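Biologist: I would like to learn how to read a structural model feature by feature, with the general idea given before each case. Could we go through one together?

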Amino acid sequence: MAAPYRVALVAFPGIRAFDVSVITEVWGPDRTDRGAPAFELRRVATDTTPVPMRGGLTLLPDRPLGWLTDADLIVVPGLDDHLTPAPPPVLDALRRAHARGTTLAALCGGAFTLAQAGLLDGRRALTHWNLIDLFRAHHPRVTVVPDALFIEDDNIWTAAGTAAGIDLCLHLIRLAHGAEAAATIARSMVTAPFRTGTQAQFVEHPTPRTDRDADSLAAVREHAVRHLHEPLTVADLAAHAGMSPRTFARHFTAATGTTPLRWLLDQRIAAAQRLLERTDLPIPEVARRAGFGSEVTMRQHFASRLATSPRAYRAAFSAGAPASAPAGSNPMAR
C-alpha cells in the first residue's frame, strides 16, 4: 500500500476556526473505501499546548514543527485578526519548508502569515477582497491579484476568503491526485467539485432581471455540459437562452464570475480529465468527446491550463497509475 499523502495544518493562537475546519474536512476523514487517496493530516505547532481560537474553541496540536520536514503539503489557516504575528519559530519553519521545495498554501488571511515570513515578497498573491488594502499597506512588496479565487507563484498558493478556501483545497487534491479524487471528496462534502481559480471573488448583486434569468442560465450550462462534444459557441448558448450574444455574455459573467468561453473551456478540460482517468479511450477520441475537435487543440489547452500533456496526465492519474508523487514533484504541481 502506498504511503499516505502527508498534510500539515500549521497552528498558532489566532488562527481561524472555519479554515481549520475546512482543512480538517478535506484531508482528515478516511475516504479510501470510496476510492479517495489515503491522507495523514497533522496539526503542527511550536509545542503541544492547546491553541485557542475564537468562540471558546481550542485545537490540540499533535506534532512539533519538526514534522514539517516530512510533509508533502503545508496549509496555513486564515486569522481572526489579520495582523496577528505568527511565532518566529513558525515563520522560520515555513521559510525552510519553501527552500526544500514543499508546497505551501494559505487560506484567506493566512497570506498575511506567509507575507510575514517574507515568502510573498516579489511574488503574486491574494487574500479576501475586503483585506486587499490592508494587505497592500503592510506588505507593499507583494504583487496583489485582486480578482481571483486562488493563485500560485513559486509553489506557494494563496486563496480568497471563506468558500474560496474550499476551492483551493479541492484544487490541491486535483493537482496531486487527479480530478476524480477531488470529485469524490467534493461529493462527500456536498460542494461543487470545480471552480477555476481565475473566477472573480464575488459577482454582481442580482437585479430582478438577473433573478429571472437565473433559471435560463442554469439550463444553458446544463445543456452545454450534456453537449460538450458539439462545437458550441457563445452564439449557440445565447440562442439556447433566448438572448443576444452580448446580453447573454453580460448576464453569464454577472451570475458566474467568469465569461462563457472561459467557463466552456473549463468544462471541456474537466471532461477530458475524467475520460483520461476513467477510460482507455485513444487520446484523439478523448479530444473529440470533450469537444476540443483535435488532439492538438486539447494538448495546447492542457499545456496552458495544467502545465502538462494529456498523455502525461493519464500516466499520472489513470485508474491503473501508481500513487502520486508529492505535489512539489508531481507533473500537475504547477
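This is a predicted model: local features need pLDDT of at least 70, side-chain atom pairs count only at pLDDT 80 or more; totals for chains, interfaces and linings use all residues.

Biologist: Is G109 buried or exposed, and which residues does G109 touch?

Modeller: Buried means under 20% relative accessible area, exposed over 50%, and partly exposed in between, with a 1.4 Å probe and protein chains only. G109 is buried because its relative accessible area is 0%. Contact means heavy atoms within 4.5 Å, and, not counting residues up to four places away in sequence, G109 touches G78, L79, H82 and T127. The C-alpha atoms of G109 and G161 are separated by 7.5 Å, although these residues are 52 apart along the chain.

Biologist: How many aromatic pairs does a search of the whole structure find?

Modeller: Rings of Phe, Tyr and Trp (its six-membered ring) pair if their centres lie within 6.5 Å, and planes under 30 degrees apart count as stacked, over 60 as edge-to-face and the rest as tilted. The search of the whole structure finds seven such pairs. One of them joins F112 and F135 edge-to-face, at 4.9 Å centre to centre and with 90 degrees between the planes. Because F112 lies in helix α3 and F135 in helix α4 (residues 132–138), this pair ties together parts that are 23 residues apart in sequence. Both F112 and F135 are buried. F150 and W157, by contrast, form a tilted pair, 6.2 Å centre to centre with 55 degrees between the planes; F150 counts as buried at 6% relative accessibility, and W157 counts as buried at 6% too. Ring pairs also link F248, F252 and W263 into a cluster.

Biologist: How should I read a nonpolar core, and how many residues has the largest one?

Modeller: In soluble globular proteins, nonpolar side chains tend to be buried together. A nonpolar core is a set of buried Ala, Val, Leu, Ile, Met, Phe, Trp, Tyr and Cys residues joined through side-chain atoms within 4.5 Å. The largest here has 78 residues, and those with the most contacts inside it are I15, W27, I74, L94, L114 and L120. Helix α5 (residues 163–177) gives the most to this core, with nine residues. Leaving aside neighbours within four places in sequence, L120 is in contact with several residues, among them L114, F135, V142 and I156. A second, separate core of 33 residues includes M243, W263, L265 and A290.

Biologist: Which residues of helix α8 are buried?

Modeller: An α-helix has 3.6 residues a turn, so residues three or four places apart point the same way. In α8 (residues 234–241) the buried residues are V234, L237, A238 and A241. Seen down the axis of α8, they fall within an arc of 100 degrees (taken from the directions from the helix axis to the C-beta atoms), so they line one face of the helix. After α8 comes G242, whose phi is positive, near 75 degrees.

Biologist: Finally, how many salt bridges does a search of the whole structure find?

Modeller: A salt bridge is a side-chain nitrogen of Lys or Arg within 4 Å of a carboxyl oxygen of Asp or Glu, and the search finds 20. In one of them D72 pairs with R6, the closest N and O atoms being 3.3 Å apart. D72 lies in the loop between β5 (63–64) and β6 (73–76) and R6 in strand β1 (residues 5–10), so the pair ties together parts that are 66 residues apart in sequence. D72 counts as buried at 8% relative accessibility, whereas R6 is partly exposed at 30%.

Definitions and conventions: Residues are numbered from 1 along each chain as its sequence is written. Side-chain values use heavy atoms; hydrogens and water are left out. Helices (H or I, at least four residues) and strands (E, at least two) are DSSP runs, numbered from the N terminus.
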